[in-house]
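Trainee: I would like to learn how to read a few features of a model. Please take them one at a time.

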Amino acid sequence: MTNTEQDRWSRVKGRLRTTVGEDVYTSWFARMDLEGVQDESVHLSVPTRFLKSWIQAHYADRVLTCWQAEMPEVHRIDLTVRTAMRCAAPAKEAAAPADQRRIEQANARPAPELRATATAPVSASHDALGGSPLDPRLTFASFVIGRSNTLAHAAARQVAEGRRGDPVMFNPLYIHAGVGLGKTHLLQAVTWAGNSGSERKVLYLTAEKFMYGFVAALKTQTALAFKEALRGIDVLVIDDLQFLQGKSTQAEFCHTLNALIDAGRQVVIAADRPPSDLESLDDRVRSRLAGGLVVEMGSLGEELRLGILKSRVAAARAHHASFDVPEAVLDYLARTITHNGRDLEGAINRLLAHSKLNNQPVTLEMAEREVRDLIRPQEPKRIKIEDIQRVVARQYNVSRSDLLSSRRTANVVRPRQVAMYLAKTLTLRSLPEIGRRFGGRDHTTVLHAVRKIEALVARDIALSEEVESLKRQLQE
C-alpha cells in the first residue's frame, strides 16, 4: 500500500467515524484494513466472516459513500476475510509478477459489491445464529397427540401457523415436562413449520448453543452484533432452558427476551420444570417467563404410548416394508414400558434390528427377551427440594421466597427449618447442597435445623402430625 493510499484510507476512516459515531465505528470498523486500490475497486479486509457479513448487511452504502467522497471514480468495494488472504502470502511472494494477480484473485475471493443489500441468512451473521441441529423426523405430522399433551400441541401449532405482523396470542409460550415426553419434538416441529414457506425467521437454539454464541461474541468483541441479530428473529425457540448458566449470559437472555416480547416477536421455551423452579435464573426472568402461557406435558398414558409405538412401527415400515409387529406385542410394550417416549422408540428399534439381522418374525417371546432392561420397576416418586419448598410454603401460608430469604421472624423460621428437615430426610442431597438451595446458607445452619425439628417432633405431637402430613403430600 502506497503512502497516498494510506492517507486516503485515514481520511475515509475519519469520515466513517463521523458518520456512524464512535461506538459503532469501534465495534465494526476499527479492525478493517485497506489492502489496496485498483482501477475502480477498493479492497478492504476484516478478521472474521462475521464482521464481513455484518458490514455487508448494514453499512454497505455508507462505506462506499465515504470512499466516493475521497475518490469519485470508485464504484466497487471488495470485502474479504483477512485470514484467507494472508495465508496465501508466501505463494504471492514466490510467484512471478505475471502470476501475482491470478493468485490474489484465487485466494481473496472478493465479496459482491457493498452497494447491494445483503440477503444472507441469519446463520451467516454468527455461528450460533445458524441454530442448533434439527431432526427431520420431529415434525407435527409425526407427533402423537394424547390427553397429556393436547394443550401443548395446540399452543405450538398456533405459534407455528402465525404470520409476520399477526398479533401474538401468548408470549412467551413455556412448555415444561420430564425427559422423553415430547418437549423437543414440539419445539423442533414449530421450527420446521415456521421455516417452511414462511416469511418469518424462526431460530431454534438450545440453551447451551445460546451460551456458546454469547460467549464467543464477547471474545471476538462482536456482542453488540450478536444481540442485534438475535433480536431480529421473528420466532425465537429455546430448548433446555434449565441449563442456562452464568450471570452475564442470563442477563443477556433476559434483555433479549424482553426486547423480543416488547417488539411483538414470539418466544417459545422448553425446560424440565416450571419457571418458578428455575432457581438459577434471576427473579425477573422467571417472572417474565411465568407471564406467558405455561403448559405442562404430563406423563404418557397407556393409550398414548400405544399410539407412539404404532407411529414408530409405521415409520420403520416405510424403509423396511416387511417389518411387522403384532398387536399383542404392541399392547405388551405399551403396558410395560412406562418411563418415556425414547424407551418406546428404543424398543421398536431393537425389534427391528433383531428381526432383520436374524431374519425372524417379531413375537411376544422375542419382545419380552429383547426389551426386558427397558421395563423398569415402579420407582418411588423422586422428591425434589423445590417440591418440598412449595408444599411447606403452602402449608404454613408463607411464600417460597420467604423460605429462601434472610428473614428471621417466627412465622418464617419454623417453616424453613421444617423444609430443611424434610429435604434431608426425603432426598439424597448433602447438607451443603440443601443450604445452597435455601438461599445460600451454610451447611451448619441446615444441620441445626434438622436437629431442632428432630427434637421437636419427638415431643410435640401436633408438629409430628404436621410433618407426617407433609411427607404424605410429597410422596403421593
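This is a predicted model: local features need pLDDT of at least 70, side-chain atom pairs count only at pLDDT 80 or more; totals for chains, interfaces and linings use all residues.

Mentor: Residues are numbered from 1 along each chain as its sequence is written, and side-chain values use heavy atoms, with hydrogens and water left out.

Trainee: How many aromatic pairs are there by the rule?

Mentor: A pair of aromatic rings is described by the distance of the centres and the angle of the planes. Rings of Phe, Tyr and Trp (its six-membered ring) pair if their centres lie within 6.5 Å; planes under 30 degrees apart count as stacked, over 60 as edge-to-face and the rest as tilted. The count here is 2. The rings of Trp 9 and Trp 67 have centres 5.9 Å apart and planes at 10°, so that pair is stacked. Trp 9 belongs to helix H1 (residues 3-20) and Trp 67 to helix H4 (residues 60-70), so the pair ties together parts 58 residues apart in sequence. Helices (H or I, at least four residues) and strands (E, at least two) are DSSP runs, numbered from the N terminus.

Trainee: Are Trp 9 and Trp 67 buried or exposed?

Mentor: Buried means under 20% relative accessible area, exposed over 50%, and partly exposed in between (1.4 Å probe, protein chains only). Trp 9 is buried at 4%, and Trp 67 is buried at 0%. In the pair of Phe 210 and Phe 253, the ring centres are 5.8 Å apart and the planes at 90°, so this pair is edge-to-face. Phe 210 lies in helix H10 and Phe 253 in helix H12, so parts 43 residues apart in sequence are tied together. Both Phe 210 and Phe 253 are buried.

Trainee: What span should helix H12 have?

Mentor: The expected span of a helix is 1.5 Å times one less than its number of residues. H12 (residues 247-262) has 16 residues and should span 22 Å; its end C-alpha atoms are 22 Å apart, which agrees. Just after H12, Gly 264 takes a positive phi of about 80°.

Trainee: Which residue lies over the face of Phe 140?

Mentor: A charge sits over a ring if NZ of Lys or CZ of Arg is within 6 Å of the ring centre and within 35 degrees of the ring normal. Arg 157 lies over Phe 140, at 4.6 Å from the ring centre.

Trainee: In which sense do strands E2 and E3 pair?

Mentor: Two strands pair if DSSP finds at least two bridges between them. E2 (residues 41-46) and E3 pair in the parallel sense over 6 bridges. Leu 44 stands opposite Leu 79 in E3. Of the 6 residues of E3 (residues 76-81), 5 are buried.
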